[in-house]
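Reader: I would like to learn how to read a structure like this one, feature by feature. Could you give me the general idea each time, and then the case at hand?

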Protein chains: 2
Amino acid sequence: MKLKLTEIDGSIIAPQGFKAAGVFCDIKRIGTGAGSEKGAKLDLALIVSEKPASAAGMFTTNQVCAAPVKVCVPRVKKGRAQAIVINSGNANACTGKQGFKDALEMVRFTEQALNLPQGSALVGSTGRIGLGLPMDNVRAGIVEAAVGLGSTTEHAARAAEAIMTSDTRRKEIAVEFQLGGKTVLMGGICKGAGMIQPGMSASGARPAARSLHATMLCFITTDAAIASRALQRALTEAVAGSFNRITVDGDMSTNDTVLVLANGVAGNPALGAARRGRGRGSNDLQVFQGALNHVCLHLAKSIVHDGEGVSRFVTVRVKGAKSSTDADAAARAVANSALVKTSWHGGDPNWGRIIDALGYSPAAIIEEKVDLGYSAPGSRDILWSLRHGQPTRATFKALCAAVVAKEFDLHINLNLGSGSALIYAADLTEEYVAFNKGDVSDPTSLGG
Amino acid sequence: MKLKLTEIDGSIIAPQGFKAAGVFCDIKRIGTGAGSEKGAKLDLALIVSEKPASAAGMFTTNQVCAAPVKVCVPRVKKGRAQAIVINSGNANACTGKQGFKDALEMVRFTEQALNLPQGSALVGSTGRIGLGLPMDNVRAGIVEAAVGLGSTTEHAARAAEAIMTSDTRRKEIAVEFQLGGKTVLMGGICKGAGMIQPGMSASGARPAARSLHATMLCFITTDAAIASRALQRALTEAVAGSFNRITVDGDMSTNDTVLVLANGVAGNPALGAARRGRGRGSNDLQVFQGALNHVCLHLAKSIVHDGEGVSRFVTVRVKGAKSSTDADAAARAVANSALVKTSWHGGDPNWGRIIDALGYSPAAIIEEKVDLGYSAPGSRDILWSLRHGQPTRATFKALCAAVVAKEFDLHINLNLGSGSALIYAADLTEEYVAFNKGDVSDPTSLGG
């Protein structure tokens, strides 16, 4: 089945029946206690559907999870929502009982401001951990955003900007596709930059025997009609292949959240409501899944491209592992190795560091079996550096040319089985360190 | 029992009956193929006992292990050796069958040059992975070193210098203590700097269900009389509390090795030969263990202090974990978090990043139970930043003063059980990145 998607403008307001707003209510300045205003970026966003929508979400599996996550998980489980309020500049994580009350107050105040029933608003936060939210500012921001809601591209852009922290640019996408004879629209915005190696699940519960390690926030809207359980299944699959495949610095955040609202205004025959089968409904679900996968993957990759200090984007492709768990572990060991990441920064095709990381990863590997090579993104034209653990005749110059590209694929074949995995990774630069060491004399410079 | 140790000069030649040498045989230049010589550091060391000695060793548990490790493991198992040859500038790792032959040739040629029986030499290598050793240079170096052997402090210093790679200074120690009425001496040298998170075992086999992540090399000499099995037990315990507790960048090397030679020249009643009991032998073993622990810990810490780009030394002390495995995992998650390490570099007491790392570690934690504080090294006067997950009244200024120190202890109490662990860690600096990205136009700049 070939998926026909057309990319369009407007991100989250592209789908019918959605409005958005982004405002400045001074959370960053107050939150950090600094005296002077720096840039005065927008810091509160509101996304609202004109009708109640099916809702689904994926949340950090960090044992320390932020108050907005605690508030969202049970609400998303009910499968219905109509509004999302998001602040940047303060993560509302590790803020105790007051933090939980503040997150609840954010959704309640949003519901009141929008005249929505109780339980219909969701919340997301990002920023520094451990600081209390300046709730007077937050309430003023919600009122201003509610008054300013609109459905122009400019409204969506302001919402996308309001969720940014160390991001250098907005991350947004919208697509149009056909579903059950109707034109359906789907849009999304996200933020990332640091503390990025998401490992999300629908309940926030940790997958068994798995150690995952981001704040990334993503909000998706669609006018498709789809039952909430089908929407959750689709989102779980889309996140597994996108946000849960990225790493910037290997640190999993307390706040990672992806939320989707599907308001059904497009009028397609509702997905997931019909009986299972290979008929029309099943095919339509595949189309919807394809669109959601596309939106999530585009946004997930944009987080790595705009990661803190990132200068190179590397897709680590492992195959031939004993199991998919092994493949994932091998790819993450390479993608998170400080020595591999610094060599990428230097454009140094240092396969010794890569095979070293494979060797200490939990994945089974046999040195004499490992193939290692490079290609352009998505290309099968691979320049092999190692074959069966032995250097090939590829010259140092040719290998340097492969890894000096701003974006390349690293191919690893362990030749031990059929397990495969890929991870979207980035280099480690002086800029990352300089940004994250902050400046304690200026607390506004201190990141999450 | 109080251990009386006197630190003295001379490192590995302090014990009676040992000689050493360090020479330059141009391995680094040849190894990297670069045209111009840079600094011409010494690159081959020899350590020789005048009598056959008890031998013990600990080796990397990386599945990809270097040829010298493969040669040493079975030799050390036999429990006797008399010489150690070490080269820097080339790891002889991932060098296939030729690499194994070259490592064997190094020990055989050393035995011939010193007129020692077959099987009595051990070998260590460190440097870039994946390059063939320039064996003509290595043989010339061994001959020169054998001729130049001596037992002055200068000889030991040259050996300590010859094993350095990115180290900025020699790492050496020697101690004197009393054992069975005799004066016994013990000395050691080591190197480290990058690719440092050793996880060594006596056989090179991986401990079950454990993922560990240095090239570090360490060579210890003593004139104590001790049976090889007792020596191996003592070394295993000493390494568990020292080299296996350090991390610079979280990358475990293919070459990590600790070797000890005990030649018995001091004439103490041989340790480990007597029946077990609480008598003299057992007490003497404790004294020996104490000395070996002291030597290993001093050298292990010196590796972190001189780690690539390191500006701060942090001892992460976790207690109250559900198990010691949990405590170790929690300490390593914090010690290897890019965000925690960059905040240390900036002197930023960002507890949010620390609790985030605890949350994604495999260790069980409950946010509301975590205590987190700082002290001067080894002090029990702790400035608490968090108590039961809540910020204390400690001011930002006071916390900054604690973490701006060049060396401090980070205390974490999970308050869930009795498991404890400590890890000697370092910050992550722009210098680390700049050094490790290398300069591909000058391959001599490219590290291991």
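Author: Let us begin with burial: a residue is called buried under 20% relative accessible area, exposed over 50%, and partly exposed in between, with a 1.4 Å probe and protein chains only. Helices (H or I, at least four residues) and strands (E, at least two) are DSSP runs, numbered from the N terminus. This is a predicted model, in which local features need pLDDT of at least 70 and side-chain atom pairs count only at pLDDT 80 or more, while totals for chains, interfaces and linings use all residues. Residues are numbered from 1 along each chain as its sequence is written, chains are lettered from A and ligands numbered from 1 in the order in which they are written, and side-chain values use heavy atoms, with hydrogens and water left out.

Reader: How many residues of helix 9 of chain A are buried?

Author: In helix 9 (residues 338–346) of chain A, nine of the nine residues are buried, so this helix is largely enclosed by the rest of the structure. Among them are Lys341(A), Trp344(A) and His345(A). Just after helix 9 of chain A comes Gly347(A), with a positive phi of about 65 degrees.

Reader: Is Arg75(A) buried or exposed, and what does its side chain contact?

Author: Arg75(A), which lies in helix 2 (residues 67–77) of chain A, is buried, with a relative accessible area of 14%. A polar contact is a pair of N or O atoms within 3.5 Å; within protein, one must be able to donate a hydrogen and the other to accept it, and residues adjacent in sequence count only if both atoms are side-chain atoms. The side chain of Arg75(A) makes such a contact with the side chain of Glu111(A), at 2.8 Å. If contact is taken as heavy atoms within 4.5 Å, Arg75(A) also touches residues including Leu104(A), Val107(A) and Leu122(A), not counting residues up to four places away in sequence.

Reader: How should I read the sheet in chain B, and which strands stand at its edges?

Author: Strands of a sheet pair through backbone hydrogen bonds, either parallel or antiparallel. Here two strands pair if DSSP finds at least two bridges between them. In chain B an open sheet of six strands has the order 14-13-12-15-11-16, with mixed pairing. Strand 14 (390–391) and strand 16 (419–426) of chain B stand at the edges, each with a single partner strand, so one side of each has no neighbour in the sheet. Strand 11 (residues 313–321) and strand 15 (residues 407–413) of chain B pair in the parallel sense over seven bridges, and Phe313(B) stands opposite Glu407(B) in strand 15 of chain B.

Reader: How many disulfides does a search of the whole structure find?

Author: A disulfide is a covalent bond between the sulfur atoms of two cysteines, and the cut-off used is a pair of cysteine sulfur atoms within 2.5 Å. The search finds zero disulfides over all chains. The sulfur of Cys400(A) is 18 Å from the closest cysteine sulfur, in Cys94(B), which is too far for a bond. Cys400(A) is buried, with a relative accessible area of 12%.
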